[in-house]
Amino acid sequence: MQNSSVSLGNGIQLTEILDPKFKTCGLFIRLFLTRDPEKAAVRALVIDLLTNCSKDYPTLAALSLRKQWLYGAAVSSKRGGVGDVQELTISASWLDDRFALDGESVTDAALDLTLGCLLNPNAQNGEFDAAAFKFAKQNLLDTIDCEINQKRGYALTKSAELAYVGEPAACPPYGTRESAEKITPASAYAAWEEMLAEAQIEIVAVTPSEKPQIREKLAAAFAGIQNRRPQDITFETPSPCKTEVKVAEEEMPVTQCKMVLVLKTGKDQPVQNDAMRMLNLVLGCTTGSLLFTNVREKRSLCYYCASRYQRTKHALLIDCGVRTEQIDEAREAILEQVEMMKNGEFTDAQMEEAILSQANAYASATESHVGYATWVFNQKVSGSNRTMEEALAALKAVTREQVVETAKLLQLDTIYVLRAAQNEAEGGLAE
């Protein structure tokens, strides 16, 4: 595997990764923008709309037919967020040219198709096409409405709103239904222009061999964007600890309660991120972790129990699925595991398992275009430029003392409980 990174100018970065084992090519164009409650929904709508049609292929049917002719090429979008930043991604994949019939360049055609979707949409007179817009708007509204059906994700979203109140990270990545309902074809078009003008743009191309036309076409296409004024994006924005723990409950007709605990290191505390990575793995990311072994297996208090570290906010989230009558006991048991980390009550074997788990994750990442691209984007977010080998070596160098000192920084900030309604409290099926 080889990779190189080059600036295409004015807040646009391209990373090219060559790996000869692939038979297809992948392109990922990610726009980074500061989360804004007033703009999150319209941005989420626009990125979806852009991959449904374009000026050259004005309907979903026409675009789908063109992709079929390109040996089943794919163009899709993804909407999400990291900390205070909203992420909007257009992804494309296509068959490598060496497998095409008659020596045609699938790469050139796929690039033209993808860039046409992003930069030359189905719009005129400052408005998106009404039919295409209506489809995308309904899709966004349905997505927002359906989030509540994924109870684990819903609980995590609600806990973030509480933990980061007053911060951009509290804004849901899709925005709110109220703001989505107000979007018009004209306001969506204006948002598209603003996104292209203001986003920090990170591009990753993964191919089995060198394809100089990728850099050339991207550079020429993005040079045509008018009035580029990229935002100054700050990924690492630690969230301050509350003076009192915020506790909130919500009742729903579910058979399994959800609980999320948010712990923070504080806004002014320096954090050793490699030590926090190790802490997170040992605490709740493997089958030998403290949460899995002690809370789930030995005491049978949770259907699942895991931790995740939000580096940009210096926050550790622990979430679990639990019976109503075991909520209090599970909460205390989870906090006991955090205290064990602070007291150094974990084994060398658990640290070794954490390293092996991370090594396996890195190995798996190199087996797909998405894995490679995710690594590059994560390095952008962390402000690092390490290889996977370097990141693994840094994890191996973490000492027990560093993990303990990092654990001592953690303070409980927020507890959110999605509690089963009384008549639904029995039963054990997970939602």
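This is a predicted model: local features need pLDDT of at least 70, side-chain atom pairs count only at pLDDT 80 or more; totals for chains, interfaces and linings use all residues.
Let's start with helix 14, residues 388–396, where Met-388, Ala-391, Leu-392, Ala-394 and Leu-395 are buried. Look down the helix axis and you'll see those buried residues fall within an arc of 160 degrees, so they line one face of the helix.

What do the buried residues of helix 14 pack against? Their partners are helix 9 (273–284), helix 12 (348–365) and helix 13 (369–382).

Helices 12, 13 and 14 turn up again in the second largest pocket: each supplies at least two residues of its lining, and so do strand 1 (2–7) and strand 2 (12–18). Helix 13 gives the most, with five residues. The pocket has a volume of about 480 Å³. In total 23 residues line this pocket, and nearest its centre lie Asn-3, Trp-375, Val-376, Arg-386 and Thr-387.

Now zoom out to the whole chain. The secondary structure comes to 15 helices and 13 strands. The radius of gyration is 23 Å, close to the 22 Å that the globule rule gives for 431 residues, so the chain is as compact as a globular protein of that length. Its C-alpha atoms fill a box of roughly 65 × 45 × 40 Å along the principal axes. Of the 431 residues, 53% count as buried. As for contacts with a separation of 6 or more, 82% are between residues 24 or more positions apart.

Definitions and conventions
Residues are numbered from 1 along each chain as its sequence is written. Side-chain values use heavy atoms; hydrogens and water are left out. Buried means under 20% relative accessible area, exposed over 50%, partly exposed in between (1.4 Å probe, protein chains only). Helices (H or I, at least four residues) and strands (E, at least two) are DSSP runs, numbered from the N terminus. The arc is that of the directions from the helix axis to the C-beta atoms. Contact means heavy atoms within 4.5 Å. On a 1 Å grid over the protein atoms alone, a cavity is a set of points where a 1.4 Å probe fits but cannot get out, and a pocket is an open set with protein on both sides within 12 Å along at least five of seven lines; lining residues have an atom within 4 Å of a point. Grid points are joined across faces, edges and corners, and a volume is the space filled by probe spheres set on the points. The radius of gyration is taken over C-alpha atoms; the globule rule is 2.2 Å times the number of residues to the power 0.38.
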